[in-house]
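Have the viewer open and follow along.

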Amino acid sequence: LMGCSATRSCWTTMLRVSYRVLGRGDVSRLFYPYFVSTPLRLSDNDGFMHVNNAVYYSCFDTASVLFMERECPGEFGVHAALKPFIAASSCEFLRPMVVPQILSVDTGVSIIKLGRSSCTYKFGLFPPRSDVATAVGTFVHVWTDASGRSTEIPAPVRAAYERIFKADAGRSG
């Protein structure tokens, strides 16, 4: 794979190898019950001609916000009494993405931990027509009231989280 150009067959081969080596469910498209597609732009590339690391986090953020807006209308937004706060985040970069070879990315979303006032999102970034993630990441959302104190997750939001909850995933990576 050394010296392999950024062609579709090369990327597919590298991603299949990664999946076998890692042997993890969270790198598979099948792990994620919810998806959001995000276009990529040439300006998303960094000086090394890879998609900039900050763009990965932007895709995670966009997916979590769109999930909330679509699945919990009226429970989320600027004027909502309770708001989620990102208490922690992570990203594991498995393979680089390059624009224009990849013009959009599908962000898979699942919930892997669900508590009284917080949840942990798991994300996977997938080039179109790829079943293996180029990156996986997490966000921990803590729900807060107007004073900034943690509070119970609103019932409609909890119901939406439960629809994409993977009960055994928090232990598997």
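## The sheet

Let's start with serine 110, which stands opposite lysine 122 in S4. The model is predicted, so local features need pLDDT of at least 70 and side-chain atom pairs 80 or more, while totals for chains, interfaces and linings use all residues. Numbering starts from 1 along each chain as its sequence is written, and side-chain values use heavy atoms, without hydrogens or water.

That pair belongs to strand S3 (residues 104-114) and strand S4 (residues 118-126), which run antiparallel over 8 bridges. Strands here are DSSP E runs of at least two residues, helices H or I runs of at least four, numbered from the N terminus; strands pair if DSSP finds at least two bridges between them. Zoom out and you get an open sheet of 5 strands, ordered S1-S3-S4-S5-S2, with antiparallel pairing. Strand S1 (34-39) and strand S2 (83-93) sit at the edges with a single partner strand each, so one side of each has no neighbour in the sheet.

## Around S5

S4 and S5 are joined by 8 bridges and run antiparallel, while S2 and S5 pair in the antiparallel sense over 10 bridges. Which S5 residue partners isoleucine 86? It's histidine 141, and histidine 141 is the bridge partner of cysteine 119 too.

## Phenylalanine 126

Phenylalanine 126 has its place in strand S4 and counts as buried, at 0% relative accessibility. Serine 104 is 22 residues away in sequence, yet the two C-alpha atoms are 8.8 Å apart. Setting aside residues up to four places away in sequence, phenylalanine 126 touches (heavy atoms within 4.5 Å) a list of residues including Arg29, Tyr32, Phe35, Asp106 and Asp131.

## Salt bridges

There are 5 salt bridges in the structure (a Lys or Arg side-chain nitrogen within 4 Å of an Asp or Glu carboxyl oxygen). One of them joins aspartate 106 to arginine 29, with the closest N and O atoms 3.3 Å apart. Aspartate 106 is in strand S3 and arginine 29 in the loop between helix H1 (8-22) and S1, 77 residues apart. Both aspartate 106 and arginine 29 are buried.

Arginine 29 also meets aspartate 131 in a salt bridge (3.8 Å, N to O). Aspartate 131 lies in the loop between S4 and S5, so this pair ties together parts 102 residues apart in sequence.

Elsewhere, aspartate 44 forms a salt bridge with arginine 41, the closest N and O atoms being 2.7 Å apart. Here aspartate 44 is buried at 6% and arginine 41 is exposed at 52%. As for Arg29, Asp106 and Asp131, salt bridges that share partners join them into one network.

Conventions
Buried means under 20% relative accessible area, exposed over 50%, partly exposed in between (1.4 Å probe, protein chains only).
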